[in-house]
Amino acid sequence: MKVRAAYTGTFDPITNGHADVIRRAAGMFNELIVAVASNASKKSIFDHEERCELAKQVLADVDNVIVMPVTGLIVDFARKHEVRVLVRGVRGVGDYEYEKQMAVMNRHLAPEVDTIFLAPSPEYAHISSTLVREIAFLDGRISGLVPSLVADKLHEKTGG
């Protein structure tokens, strides 16, 4: 049986932690969609199209990963694209509490869609897009936190 999964996020920017979870999840499923979300309530450094393009470039070497934009409810996206499993990265207790609530709500809305949680590898467990953006805006060192092509684009955006 072929199983299609989706890993969703705003990926602003995509980090080495995201890429770690995506690559590991891709090994578990026949196909993994990286669903790049548009979130009007968040002030993004990269627009939706730029975030999709960066994710495509970072993940170009993973054959069974497809990057797609998503707006609206993820369960509607899942139904439309025959996604059976949602993958979520969880760094700590705070992430877990939020993600568990979302997983239960998604299950309520779409009982046919399951959610699994993956912890990042230890070397990436401290990385968040929010922290990366803050460090970049303050002209701090972001090497090792994001792929080099993302670091270059961040420096262009922040003037660093």
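The model is a predicted one, in which local features need pLDDT of at least 70 and side-chain atom pairs count only at pLDDT 80 or more, while totals for chains, interfaces and linings use all residues. Residues are numbered from 1 along each chain as its sequence is written, and side-chain values use heavy atoms, with hydrogens and water left out. Helices (H or I, at least four residues) and strands (E, at least two) are DSSP runs numbered from the N terminus.

**Helix α6**

- Val150, Ala151, Leu154 and Thr158 are the buried residues of α6. Viewed down the helix axis, they fall within an arc of 100°, so they line one face of α6; the arc is that of the directions from the helix axis to the C-beta atoms.
- These buried residues pack against α2 and α5 (129-137), where contact means heavy atoms within 4.5 Å.
- His155 also belongs to α6 and is partly exposed, at a relative accessible area of 25%.
- Gly159 follows α6 and has a positive phi, near 75°.

**Helix α2 and its packing with α6**

- Helix α2 (residues 48-58) packs with helix α6 (residues 148-158) at an angle of about 155°, and their axes are 10 Å apart. Axes are lines fitted to C-alpha atoms, for helices over the stretch in contact, and angles run from 0 to 180 degrees between N-to-C directions.
- The two helices are therefore roughly antiparallel to each other; angles over 145 degrees count as roughly antiparallel, under 35 as roughly parallel, 65 to 115 as roughly perpendicular and the rest as oblique.
- From α2, Glu50, Leu54, Gln57 and Val58 meet Leu149, Val150, Lys153 and Lys157 of α6. The residues of this contact comprise 4 nonpolar, 1 polar and 3 charged (Ala, Val, Leu, Ile, Met, Phe, Trp, Tyr, Cys and Pro count as nonpolar, Asp, Glu, Lys and Arg as charged, and the others, Gly among them, as polar).
- The buried residues of α2 are His48, Arg51, Cys52, Leu54, Ala55 and Val58. Their arc around the axis is only 165°, which puts them on the same side of α2.
- The partners of these buried α2 residues are α1, β2, β3 and α6.

**The sheet**

- Five strands form an open sheet in the order β3-β2-β1-β4-β5, with parallel pairing; two strands pair if DSSP finds at least two bridges between them.
- The edges are β3 (65-70) and β5 (114-118), each with a single partner strand, so one side of each has no neighbour in the sheet. From one strand to the next, the twist averages 30°.
- Strand β1 (residues 4-9) pairs with β2 (residues 31-37) in the parallel sense over 6 bridges, and Gly9 stands opposite Val36 in β2.
- In β1, 5 of the 6 residues are buried, so the strand is largely enclosed by the rest of the structure.

**Helices on the sheet**

- Helix α1 (residues 16-26) packs on the sheet, where it touches β1, β2, β3, β4 (85-89) and β5; its direction makes about 150° with that of β2.
- Helix α4 (residues 93-109) lies across β4 and β5 and runs at about 165° to β5.
- Asn106, in α4, counts as buried at 11% relative accessibility. Apart from residues up to four places away in sequence, Asn106 touches Ile74, Val75 and Leu86.

**Ile116 in β5**

- Ile116 lies in strand β5 and is partly exposed, with 27% relative accessibility.
- Beyond its neighbours within four places in sequence, Ile116 is in contact with Met28, Phe29, Val85, Leu86, Val87 and Arg88.
- Ile116 and Val36 are 80 residues apart along the chain, and their C-alpha atoms are separated by 18 Å.

Notes: Buried means under 20% relative accessible area, exposed over 50%, partly exposed in between (1.4 Å probe, protein chains only).
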